Amino acid sequence: MLPDPLKTLKGQLIVSVQADDGSPLRGTPHIVALSRAALLGGAGGLRLRSTSDIAAVRAITDVPIIGLTKQSHPDTEIYITATPDEVRGVAAAGADLVAFDGTDLPRPFSVAELVRAAHDASVLAMADISTLAEALNAYEAGADIVGTTMSGYTPHSPQLPAPDFELMAQLREAGLPFIAEGRLNTPDLAALAQQLGAWAVVVGSAITRPDHVTRWFADALRAEKEQH
């Protein structure tokens, strides 16, 4: 059995409440409002991308928060919580789990160093991975949980328009607990991820990014018009 707060998250919907830079919803008050709406709808956890957002949402709820940073660094493609300092900042803001890039991309700090920083800050370490091998490496380095977040975002993982259900099946067959995330944009897809063994399921854009959802519909109508 995995440790708290992962026990609390088992079988739950985790809503990723993030807005891209430049989005009208990027401000922290909007993130708080979106988080309240997600909680009202039944979210059992939240995934948030900055220390200011984490601290503000922590003040309104006790549900588990997966926290991270998104910051560019020179000489590396690692973008999600790339350094121990970022791990410590996310933990101090009130996250229960710190998510970080756990892929095999060239990195300024090892997965083990990021895991150690999380544990030293008394929070859990979640490695966002894109392959089974990366998941195995993350668990060997001491990660508490892995997420399928990065599948499709590394050159060595499948570039799929749909969720990476094959990776989920591989993780289940290997006996590795995982949180499903990535392109799970309908209730049926989220339920299928749970059927494939996901400890919990993260849904983001389909719930909290109306600009993305609008683009899906607009693109579909545009494509239909071009065919006729």
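**Notes on helix packing and a few buried side chains**

1. Let's start with a helix pair. Helix α2 (residues 28-40) packs with helix α3 (residues 51-58) at an angle of about 45°, and their axes are 9 Å apart. That makes α2 oblique to α3. For the cut-offs, angles under 35 degrees count as roughly parallel, over 145 as roughly antiparallel, 65 to 115 as roughly perpendicular and the rest as oblique. The axes are lines fitted to C-alpha atoms, for helices over the stretch in contact, and the angles run from 0 to 180 degrees between N-to-C directions.

2. Before going on, some ground rules. This is a predicted model, in which local features need pLDDT of at least 70 and side-chain atom pairs count only at pLDDT 80 or more, while totals for chains, interfaces and linings use all residues. Residues are numbered from 1 along each chain as its sequence is written, and side-chain values use heavy atoms, with hydrogens and water left out. Helices (H or I, at least four residues) and strands (E, at least two) are DSSP runs, numbered from the N terminus.

3. Back to the pair. α2 passes α3 in a right-handed crossing; a crossing is right-handed if the near helix is turned clockwise from the far one by less than a right angle, and left-handed if anticlockwise. On the α2 side, Thr28, Ile31, Val32 and Ser35 meet Ser52, Asp53, Ala56 and Val57 of α3. The residues of this α2 and α3 contact divide into 4 nonpolar, 3 polar and 1 charged. Here contact means heavy atoms within 4.5 Å. As for the classes, Ala, Val, Leu, Ile, Met, Phe, Trp, Tyr, Cys and Pro count as nonpolar, Asp, Glu, Lys and Arg as charged, and the others, Gly among them, as polar.

4. α3 has another partner to look at. It packs with helix α4 (residues 84-93) at an angle of about 20°, with the axes 8 Å apart. α3 and α4 are therefore roughly parallel to each other. Their crossing is right-handed. Thr51, Ile54, Ala55 and Arg58 in α3 meet Gly89, Val90 and Ala93 in α4. By class, the contact of α3 with α4 has 4 nonpolar, 2 polar and 1 charged residues.

5. Is Gln18 buried or exposed? At 3% relative accessibility, Gln18 counts as buried (buried is under 20% relative accessible area, exposed over 50%, partly exposed in between, with a 1.4 Å probe and protein chains only). Gln18 sits in the loop between β1 (13-16) and α2. A polar contact of 2.9 Å joins its side chain to that of Ser16; such a contact is a pair of N or O atoms within 3.5 Å, where, within protein, one must be able to donate a hydrogen and the other to accept it, and residues adjacent in sequence count only if both atoms are side-chain atoms. Leaving aside neighbours within four places in sequence, Gln18 is in contact with Ile31, Arg47, Arg49, Leu68, Lys70, Thr208 and Arg209.

6. Arg47 belongs to strand β2 (residues 45-48) and is buried, with a relative accessible area of 2%. Its side chain makes a polar contact of 3.4 Å with that of Glu181. Arg209 lies in the loop between α9 (205-208) and α10, and is also buried, at 13% relative accessible area. Not counting residues up to four places away in sequence, Arg209 touches Gln18, Ala19, Asp20, Lys70 and Gly204.

7. Thr83, in the loop between β3 (65-67) and α4, is buried as well, with a relative accessible area of 13%. Beyond residues up to four places away in sequence, Thr83 touches His73, Phe109 and Leu114.

8. Ser122 has a positive phi of about 65° although it is not a glycine. Ser122 is found in the loop between α5 (111-120) and β5 (124-128) and is exposed, with a relative accessible area of 67%. Arg183 also has a positive phi of about 65° without being a glycine; its place is the loop between β7 (178-181) and α8 (187-195).

9. Last stop, helix α10 (residues 210-226), where Ala220 lies. Ala220 is partly exposed, with a relative accessible area of 46%. Ala220 and Ala180 are 40 residues apart in sequence and 26 Å apart in space, C-alpha to C-alpha.
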